[in-house]
Amino acid sequence: MFLLLGIGAGAIIAFVGGYILARSKADRRQAMYQVEIDELLQANEEMEQELRPLKKRFKELEATLNQEYVEKAALLERMKHIGDVRRELEHERSINRQLNERIAELEQLVGKLEAQMAAEAESIERQLDQIEDMKRKVIKEVHAIVKEIAEKKG
């Protein structure tokens, strides 16, 4: 019986010793894991601190990029407006070319009319000179006839 009690007590002692040993091993593991967790948390905090300026710089760059996007959109709008103005100018230049061509045609026509009128004026002047010559001749003849009649009466 003592043997059984001894074996039983030995088993209990072995069990308790095994439990304590296992518990101690588990506590050491837990402590190791806690150290690793603490190290990881510390590394994470250090990375967060390193990332803060980078995040700030990223936000600055993002704001700059957004500003550049707004400026480029405004520039594109201005370029579109300039294109519209350029098309209007080309249209006006085309109209001006057509008007200048029409003006040149009209100037040619006026030149021809002036030349024609000058020729007609010369012709009219010749005709007036001829009429004046005929008038003088007629007046001379009328004077001659009047003189002849006056001599016959007289």
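**Overview. The chain has one helix and zero strands.** Helices (H or I, at least four residues) and strands (E, at least two) are DSSP runs, numbered from the N terminus. Buried residues, meaning those under 20% relative accessible area, with exposed over 50% and partly exposed in between (1.4 Å probe, protein chains only), make up 1% of the 154 residues. In this predicted model, local features need pLDDT of at least 70 and side-chain atom pairs count only at pLDDT 80 or more, while totals for chains, interfaces and linings use all residues. Residues are numbered from 1 along each chain as its sequence is written, and side-chain values use heavy atoms, with hydrogens and water left out.

**View 1. Arginine 93 forms a salt bridge with glutamate 90.** A salt bridge is a side-chain nitrogen of Lys or Arg within 4 Å of a carboxyl oxygen of Asp or Glu, and here the closest N and O atoms are 2.8 Å apart. The two residues are separated by about one helical turn, because they stand three residues apart in helix α1.

**View 2. Arginine 102 forms a salt bridge with glutamate 105.** The closest N and O atoms are 3.2 Å apart, and both residues lie in helix α1, three residues apart. Arginine 102 is partly exposed at 48% relative accessibility, and glutamate 105 is partly exposed at 44%.

**View 3. Glutamate 48 forms a salt bridge with lysine 55.** The closest N and O atoms of this pair are 3.9 Å apart; glutamate 48 is partly exposed at 29% relative accessibility, and lysine 55 is partly exposed at 46%.
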